[in-house]
Number of protein chains: 2
Amino acid sequence: MSAVRKSRLSQDEIDAIARAVADPRRFAILQQISSGAVTPCSKLNEHNCISPATISHHLKELQEAGLIDIAREGRTANLSFRRDVWQAYLDRLGQL
Amino acid sequence: MSAVRKSRLSQDEIDAIARAVADPRRFAILQQISSGAVTPCSKLNEHNCISPATISHHLKELQEAGLIDIAREGRTANLSFRRDVWQAYLDRLGQL
DNA sequence: AGGATAATTCGATAACCATTGAACTAATTA
DNA sequence: TAATTAGTTCAATGGTTATCGAATTATCCT
């Protein structure tokens, strides 16, 4: 499999990512996805303390920020971490 | 000069920093401070497009997140970037 | 077909927060 | 002392957004 590289991020992309990870719950979700342990959305809700609607909302935000890919397969959604985008974000933050 | 090191950040500290840099204007301010070019608050307002009250508010947020130090000297405030905290934040983000 | 499961969309609500004018404190200067 | 300057605090406002129930779509299973 290839990997779409992301070398530089625009300021708007930076802002979107920063905003996306600013929410603690969203950051936790991103962590879970990045660990590769989970694939389907339902596994993100460990203890039923968050509604499916909210999860769906957060996933959409993460996707629109470019941090994850969502690939539907049957009735489940495969979530994958865009490590290249994340790295590009870190590179940018490292400049200051 | 010594440097107070910051090795690890709690989850609350991570959340606070993420929230602090999520605001574009605050991130821009942090960038300016990190560049070392500016010291007094007034220099942050390049084109008078932001009120003193708002600047003061953002600086307080950055300070409470641990990202900057504010040292009053006479009637001006000396702003300095906590590079150690920033690095600790980057280290944490780099884990995923 | 009918029922269960996975996830999304919609609408409403409540909380959060960036922004500012005005009033204020403290320090410098005339 | 009076005036000016740097910055803060307060209270109000408007916009954003996290959250969820309910309804919906699509898929899988019997």
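A polar side-chain atom of A:R25 is placed 3.0 Å from a phosphate oxygen of DNA strand D, a polar contact being a pair of N or O atoms within 3.5 Å, with the further conditions that, within protein, one must be able to donate a hydrogen and the other to accept it, and that residues adjacent in sequence count only if both atoms are side-chain atoms. The model is a predicted one, in which local features need pLDDT of at least 70 and side-chain atom pairs count only at pLDDT 80 or more, while totals for chains, interfaces and linings use all residues. Residues are numbered from 1 along each chain as its sequence is written, chains are lettered from A and ligands numbered from 1 in the order in which they are written, and side-chain values use heavy atoms, with hydrogens and water left out.

Phosphate oxygens of DNA strand D also lie 2.6 Å from a polar side-chain atom of B:S56 and 3.3 Å from a backbone N or O atom of A:S51. Of the atoms of DNA strand D that come within 4 Å of the protein, 81% belong to sugar and phosphate. At least two residues of the surface near DNA strand D are supplied by each of α2 and α3 (52–64) of chain A and α3 and β2 (76–81) of chain B, helices (H or I, at least four residues) and strands (E, at least two) being DSSP runs numbered from the N terminus.

DNA strand C is likewise surrounded by 23 residues, and A:S56, A:R72, B:R19, B:T54 and B:H58 are the closest; sugar and phosphate make up 79% of the atoms of DNA strand C within 4 Å of the protein.

Between the protein chains, the contact (heavy atoms within 4.5 Å) takes 21 residues from chain A and 21 residues from chain B. The area buried between them is about 1600 Å², with 70% given by carbon and sulfur atoms, buried area being the accessible area (1.4 Å probe) that two parts lose on being put together, summed over both. On the chain A side, A:F27, A:L93 and A:L96 lose the most area to chain B, together 38% of what that side buries.

Within α1 of chain B, the buried residues are B:I14, B:D15, B:I17, B:A18, B:A20, B:V21 and B:A22, where buried means under 20% relative accessible area, exposed over 50%, and partly exposed in between (1.4 Å probe, protein chains only). These residues pack against α1 (11–22) and α2 (24–34) of chain A, and against α2 (24–34), α3 (52–64) and α4 (83–93) of chain B.

In helix α3 of chain A, A:E61 counts as buried because its relative accessibility is 17%; beyond its neighbours within four places in sequence, A:E61 is in contact with A:R19 and A:R26. A:K6, in the segment before α1 of chain A, counts as partly exposed at 29% relative accessibility, and, with neighbours within four places left aside, is in contact with A:E13, A:D84, A:V85 and A:A88.

Note on methods: Near = heavy atom within 4 Å.
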